[in-house]
Amino acid sequence: MIPAAFEYYRASSVDEALALMQQHGEDAKVLAGGHSLVPAMKLRLATPEKLIDIGGISGLQGIQDRGDHIAIGALTTHWQLESSDLVQQKASALSQAAGAIGDVQVRNRGTIGGALAHADPAADYPGAILALNATLVIRGSGGERTVAASGFFTGLWETAVQDGELLTEIRIPTDAANANSCYLKFPQPASRYPYVGCAVAMTTSGGTCSDVRVGFSGVGESAFRDSGVENAMRGQAVSEASAKFAGDQATNGRSVLSDWSVSEEYRRAMAKVFAKRALLQVGR
Amino acid sequence: MQVTMTVNGASFTSDVESRTLLVQHLRDNLNLTGTHVGCDTSSCGACTIVVNGEAVKSCTLLAVQCNGAEITTIEGLASNNALHPIQEGFREKHGLQCGFCTPGMIMASWQLLERNPNPSDGEIRHALEGNFCRCTGYDNIVKAVQWAAQNS
Ligand SMILES: Cc1cc2nc3c(=O)[nH]c(=O)nc-3n(C[C@H](O)[C@H](O)[C@H](O)COP(=O)(O)OP(=O)(O)OC[C@H]3O[C@@H](n4cnc5c(N)ncnc54)[C@H](O)[C@@H]3O)c2cc1C
Ligand code: FES
Ligand code: FES
């Protein structure tokens with residue numbers, strides 16, 4: 001399977017990429033790792049007339065410790081996040097989500113920026129990004145703006161990144177909850193995308209949950225924070241019973257995806273189970 | 001578009017259509033047919049090669065994305081007529097039957113041993129999750145990688 005023909009442009013800086021995007025407008029698509037876009041182009045589900053390859057922009061690569069937050073360039077690969085000591089220690093949920101994506105070869109090539117901008121309802125990162133309370137940095141020809149994770153995922157395949165803009169950086173606060181976070185995944189056995197992915201970041205004091213953030217991937221049309229679980233857990237001593245009660249609030253009042261392999265009912269039930277397990281994992 | 005890449009130590013400059021997949025370029029333009037195409041949908045790992053030190057699925061990359069890259073394919077592993085220890089391991093432990101998945105398995109195993117020279121059984125299986133074999137049942141592949149780890 002070969003993609004439809006397109007014109008290829010290689011950008012060596014963010015400014016050059018933005019200029020090319022402005023010049024070519026709607027005909028152009030940005031190419032990062034290509035591990036969502038190239039398969040879609042091979043199936044002719046995507047037929048962009050022009051591709052602007054940002055994969056070689058060195059300014060969009062790497063992980064930096066900036067004291068109160070970790071700054072992650074949009075082109076940082078899943079493998080780099082999975083294997084980073086800093087991310088493992090300060091944002092475990094993110095490194096666990098990265099390590100749970102696809103397989104080694106996919107993780108070597110795919111980027112966090114591409115995965116977040118693509119906003120596949122079954123993508124792993126979004127739930128983790130929400131639980132970690134990340135901030136996303138977006139650049140357009142008009143300059144730079146930041147968007148909180150809570151406002152980033154706007155719908156099915158939709159994010160706050162507008163036409164002509166690039167996601168450039170992901171900032172993860174280095175707070176106590178993020179250092180005590182996890183991501184648990186129930187993967188579809190063939191595709192390995194999650195049926196359910198649950199990320200939890202929690203602070204505890206003397207065995208009691210003082211604060212908690214819970215994010216889900218793969219469950220709804222877009223990733224979401226689950227305040228039902230959070231409210232039921234906050235202030236409670238963490239135990240099998242309290243985690244089960246809080247986990248049982250998961251997805252309440254929300255619509256949940258169903259597909260050929262998993263019914264809505266089953267996915268909802270698994271969301272509750274994985275919420276409980278994740279709460280217990282970081283709460284003990 | 002013009003692309004230049006170093007493949008198994010030799011530099012190649014070619015004019016390719018921008019939509020050319022890397023695996024097509026290797027097989028059809030550079031005649032390196034050791035890299036196989038199984039699923040053509042990023043799932044089976046038969047097309048695995050190493051680009052700039054990282055194992056990737058060459059059916060899911062465009063040749064133009066690899067301009068300037070350093071590439072190793074299965075043809076580049078042996079040196080001076082001596083098989084690479086991973087190749088030797090697959091022979092020694094019967095890690096293949098039909099052999100279709102083998103080039104990809106070996107390149108993915110190369111990546112594993114590069115990052116983790118003494119992997120456990122479980123670590124080998126985890127590292128080869130992106131590579132499918134329809135013949136062996138995987139057990140002998142795991143033994144082959146263990147053999148390579150012990151003999152390299
Ligand atoms: C076999 C296989 C298994 C996979 N399994 C999983 C899985 O289990 N879980 C999971 O979450 N994902 C999975 N993926 C998807 C993978 O994580 C992709 O790497 C990711 O979704 C896209 O990242 P990319 O860098 O490859 O982006 P690309 O494919 O290059 O781009 C994806 C989209 O985002 C846009 N884009 C890219 N970068 C930017 C940017 N910086 N700013 C604005 N727009 C941008 C592109 O225009 C395109 O529309 C899998 C992929 C494959 C091939
Ligand atoms: S042919 Fe590339 S993964 Fe199957
Ligand atoms: S040996 Fe036949 S597919 Fe693996």
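Modeller: Happy to, and please keep in mind that this is a predicted model. Let us begin with Cys39(B), which sits in the loop between helix 1 (22-29) and strand 3 (48-51) of chain B. With a relative accessible area of 27%, Cys39(B) is partly exposed. If you follow chain B for 20 residues, you reach Cys59(B), and the C-alpha atoms of Cys39(B) and Cys59(B) are 9.0 Å apart.

The loop between helix 1 and strand 3 of chain B also holds Asn31(B). Its backbone deserves a glance: Asn31(B) is not a glycine, yet its phi is positive, at about 60 degrees. Asn31(B) counts as exposed because its relative accessibility is 59%, and the cut-off for that class is over 50%.

You will find Trp157(A) in the loop between strand 8 (153-155) and strand 9 (158-159) of chain A. Its relative accessibility is 44%, so Trp157(A) counts as partly exposed.

Chain B reaches back into the picture through a charge and a ring. The charged end of Arg115(B) sits over the ring of Trp79(A), 3.5 Å from the ring centre. Within chain A, the charged end of Arg277(A) is placed over the ring of Phe274(A), with 5.0 Å to the centre of that ring. Phe274(A) in turn belongs to a cluster linked by ring pairs, together with Phe186(A), Tyr195(A) and Tyr266(A).

How many aromatic pairs does the whole structure contain? A search over all chains finds five. One of them joins Phe186(A) and Tyr195(A): the ring centres are 5.1 Å apart and the planes make an angle of 65 degrees, so this pair is edge-to-face. Tyr195(A) is buried because its relative accessibility is 9%. Phe216(A) and Phe224(A) make a tilted aromatic pair, with 5.5 Å from centre to centre and 40 degrees between the planes. Phe216(A) is buried at 0% relative accessibility, and Phe224(A) is buried at 7%.

Last stop, ligand 1. Its surroundings come from chains A and B, so the site is shared between chains. There are 29 residues around ligand 1, and the closest are Val30(A), His35(A), Ser36(A), Thr111(A) and Asp124(A). By class, this shell has 14 nonpolar, eleven polar and four charged residues.

In chain A, strand 2 (28-31), helix 7 (112-118) and strand 10 (166-173) each supply at least two residues of the shell. Helix 7 of chain A gives the most, with four residues.

A backbone N or O atom of Gly33(A) is 2.8 Å from an oxygen atom of ligand 1. A polar side-chain atom of His78(A) is 2.9 Å from an oxygen atom of ligand 1, while a backbone N or O atom of Ala115(A) is 3.3 Å from an oxygen atom of the ligand. As for cover, ligand 1 exposes 970 Å² when taken alone, and the protein buries 93% of that.

Methods
Residues are numbered from 1 along each chain as its sequence is written. Chains are lettered from A and ligands numbered from 1 in the order in which they are written. This is a predicted model: local features need pLDDT of at least 70, side-chain atom pairs count only at pLDDT 80 or more; totals for chains, interfaces and linings use all residues. Side-chain values use heavy atoms; hydrogens and water are left out. Rings of Phe, Tyr and Trp (its six-membered ring) pair if their centres lie within 6.5 Å; planes under 30 degrees apart count as stacked, over 60 as edge-to-face and the rest as tilted. Buried means under 20% relative accessible area, exposed over 50%, partly exposed in between (1.4 Å probe, protein chains only). A charge sits over a ring if NZ of Lys or CZ of Arg is within 6 Å of the ring centre and within 35 degrees of the ring normal. A residue is near a molecule or strand if one of its heavy atoms lies within 4 Å of it. A polar contact is a pair of N or O atoms within 3.5 Å; within protein, one must be able to donate a hydrogen and the other to accept it, and residues adjacent in sequence count only if both atoms are side-chain atoms. Accessible areas come from the Shrake-Rupley method with a 1.4 Å probe; for residues, only the protein chains shown count as cover. Ala, Val, Leu, Ile, Met, Phe, Trp, Tyr, Cys and Pro count as nonpolar, Asp, Glu, Lys and Arg as charged, and the others, Gly among them, as polar.
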